[in-house]
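Please look over the sequence and the model below before reading on.

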Amino acid sequence: MIFIVPIIFMIIGSLKPDDLVLAEMGTVRAFIPDSISLENYGDVYRRVAFGRFMLNSLFITGTICALGLCVNSIAAYSFARLSWAGRNIMLLAVLAMMVLPIESIAVPLFFLVTKWGWRDTYLVQIIPFIANAFSIYLFYTYFISMPRELEDASRIDGAGPFRIFLQIIVPNAKPVFASVAILTFLTQWGAYIWPLMVTSGEDVRPLPLAIASFYTLPPLKWGDIMAFGVMMIAPILLVFLIFQQWFVRGVASAGVKG
Amino acid sequence: MADIQFNNVNKIFEDGTHAVRDLSLVVSEGELLVIVGPSGCGKSTVLRMVAGLEDITGGTIVIGGKTVNNLQPQQRNVAMVFQNYALYPHMTVRKNIAFPLKMMRLSKKEQNLRVEETADLLGLTSLLSRMPKSLSGGQKQRVAMGRALVRDPKVLLLDEPLSNLDAKLRLQIRNEIAALQRRLGRTTLYVTHDQVEAMTLGDRVVVLADGFLQQVDPPKELYESPANIFVAGFIGNPGMNIFPTVLHMNDRGRLEMKFGADDIELYDKAVDRFSGLANYEDAQIIAGIRPESFVSSSQNTSGNKVSVLVTGVETLGHENIVYFRLSDSEEQITGKPFNEEMTTGKLYTMRLESTQHVEAGSKMDIDFDTEALYFFSRDGKAIAKAK
């Protein structure tokens, strides 16, 4: 209830005239969309470059998701199934990195990207987040539990390592791909601290920074803020709804409680 | 088709486990050779080495005159059926069977033709559009066979293919595999831990234990002339009763064998079956007798009556498996110098017809024909039979 009520309040509030949002708060009427209007949504577009922020967020998050799925799944597969020198130490290092929050390495990383001249770019918001220890861990636990005979059979049938990965492993690992996609999307969609540190202009800034500055943009209009919020969470809900069946199965079979 | 030669093949895993030791063996072209042994004896490792899924630590494997040690699995032209079938879950039966052909880059037309031929051979035509998860165990097993056979491999490897099936289906598929192999005449290595499968399917059977080849012979030979006490105990269901004993000459100048507290006189025929059995007079040896060679003394003809204590009875319908001891004492048999306790405390088994009523806890008199006895030296090797 604590989670869902504010969302309902936000959605209905976004459809009401601005002055009614606060006036009806605390009453049952706050949850009754009596006079529906999309004016607040239009307002958001008029007052800020919402489309730009949305595109930035979609591009950054989408790219991290897509590249992250490729890189992390391949890395995890090589940990789970291929044998190479130093594999166990590297795996341990990856698992250890899971406990490090981005904030703890933000400052040294900031100096590094400043030196490389990456500030105020998409690159700086994408590259550091493609490889992800938790994603590798999720893929690894899934791959390690897949029957080895599937790969043995396909090797005998004549498939090489890449074909085995693409045609046998990936199609049978949809749940974990969905889980990693959703978790990565959620994390990156809400990224705030890092973009705040490395971006300054509107051109490359994502939605979380935009909504933060929208709060302080006079005049204060709660209906507009609600509309901004609704538009910001819509893609997350959409992604979650599309993948939720696989997501639940993936998290369960990876042995990680959500 | 091709023959397979194992020349002093060894496999040592990274953790130091010596899984296969000095295996030398020739599998003839078109032969169905069954490898049987208890869990962990190295039988699946042998198969995986032939397939190229495990490196060979020492020795060579030659398939059709070509040493394959350094060839990748796909270069060996072998096919394998796995215990859990390893069907690709996301592909239809048709795509599963066609997968090896796709890897061979055959044309779509050729792929379809061969898939349909194979499906026809195995009765899978109506299942071609189904997904593996909707198939029964027996159907999955047939699809796995189809995927193995479709590419016309030189060698077919079957790794416990019936283990996941229920008893009735196992019997049916076992017969199907036997018929298919006879029809196709393909060189086949078949691994199982089930000696009934081994005996019924194999042209010859290899018995492995602890990585060592114990014996390789046709099934009948294996049953009738086990090379050592391991094979004697492993082949047969239940396995042979094995116990230490001593032979000595009685007053009438005939050999007698200690069996519990009793002295059993051996008939001339029993002695003559083995070359030089008389040389073991007063020596400690190991004797064996199959459960089916005991009879209840009401059917007695030989006069070697022994009183036993029945400790348990398993009713199988057509027969009973009866467990008994020669006395009430607890068991301990091999490895130590002979004493009477070793034979009296041991648990023996015998098969009796179900018409003979026996109860656990009762005493009964049994008998056996001494011609049914086997003898092994103290190191476990069979004493050679007379020619």
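In chain B, B:Asn241 stands opposite B:Ile289 of strand β14(B), in a predicted model. Strands β11(B) (residues 241-249) and β14(B) (residues 284-289) run antiparallel and are joined by 6 bridges, where two strands count as paired if DSSP finds at least two bridges between them. Residues are numbered from 1 along each chain as its sequence is written, while chains are lettered from A and ligands numbered from 1 in the order in which they are written. Because the model is predicted, local features need pLDDT of at least 70 and side-chain atom pairs count only at pLDDT 80 or more, whereas totals for chains, interfaces and linings use all residues.

**Strands of chain B**

- Strand β11(B) also pairs with strand β12(B) (residues 255-259) in the antiparallel sense, over 3 bridges, and B:His248 has B:Glu256 in β12(B) as its bridge partner.
- β11(B) and β12(B) form a hairpin with 5 residues between them, and B:Gly253 in the turn has a positive phi of about 75 degrees.
- Strands (E, at least two residues) and helices (H or I, at least four residues) are DSSP runs numbered from the N terminus.

**Domains of chain B**

- Chain B is divided into domain 1 (4-233) and domain 2 (238-376), with bounds that come from an automatic or database domain assignment.
- The C-alpha centres of domain 1 and domain 2 of chain B lie 39 Å apart, and the contact between them takes 5 residues from domain 1 and 7 residues from domain 2.
- On the side of domain 1 of chain B that touches domain 2, there are 3 nonpolar, 2 polar and no charged residues, where Ala, Val, Leu, Ile, Met, Phe, Trp, Tyr, Cys and Pro count as nonpolar, Asp, Glu, Lys and Arg as charged, and the others, Gly among them, as polar.

**Nonpolar cores**

- The largest nonpolar core has 134 residues, and those with the most contacts inside it are B:Val34, B:Val50, B:Leu157, B:Leu189 and B:Val206.
- Domain 1 and domain 2 of chain B both give residues to this core, so it lies between them.
- A second, separate core has 14 residues, among them A:Val21, A:Val44, A:Phe50 and A:Ala227.
- A nonpolar core is a set of buried Ala, Val, Leu, Ile, Met, Phe, Trp, Tyr and Cys residues joined through C-beta atoms within 7 Å.
- A residue is buried if 20 or more other C-beta atoms lie within 10 Å of its own, exposed if 12 or fewer, and partly exposed in between, with C-beta atoms placed from the backbone.
- Leaving aside neighbours within four places in sequence, B:Val206 is in contact with residues including B:Leu25, B:Leu33, B:Val34 and B:Leu213, contact meaning that the C-beta atoms, placed from the backbone, lie within 7 Å.

**Chain A and helix α10(A)**

- Chain A has 14 helices and 0 strands, and buried residues make up 35% of its 258 residues.
- In helix α10(A) (residues 161-169), the buried residues are A:Ile164, A:Phe165, A:Ile168 and A:Ile169.
- Seen down the axis of α10(A), these buried residues fall within an arc of 115 degrees, so they line one face of the helix, the arc being that of the directions from the helix axis to the C-beta atoms.
- The exposed residues A:Phe162 and A:Leu166 are carried on the face of α10(A) turned away from its buried side.

**Contact between chains A and B**

- The contact takes 13 residues from chain A and 17 residues from chain B, and α9(A) gives the largest share of the chain A side, 7 residues.

Terms used: Contact = placed C-beta atoms within 7 Å.
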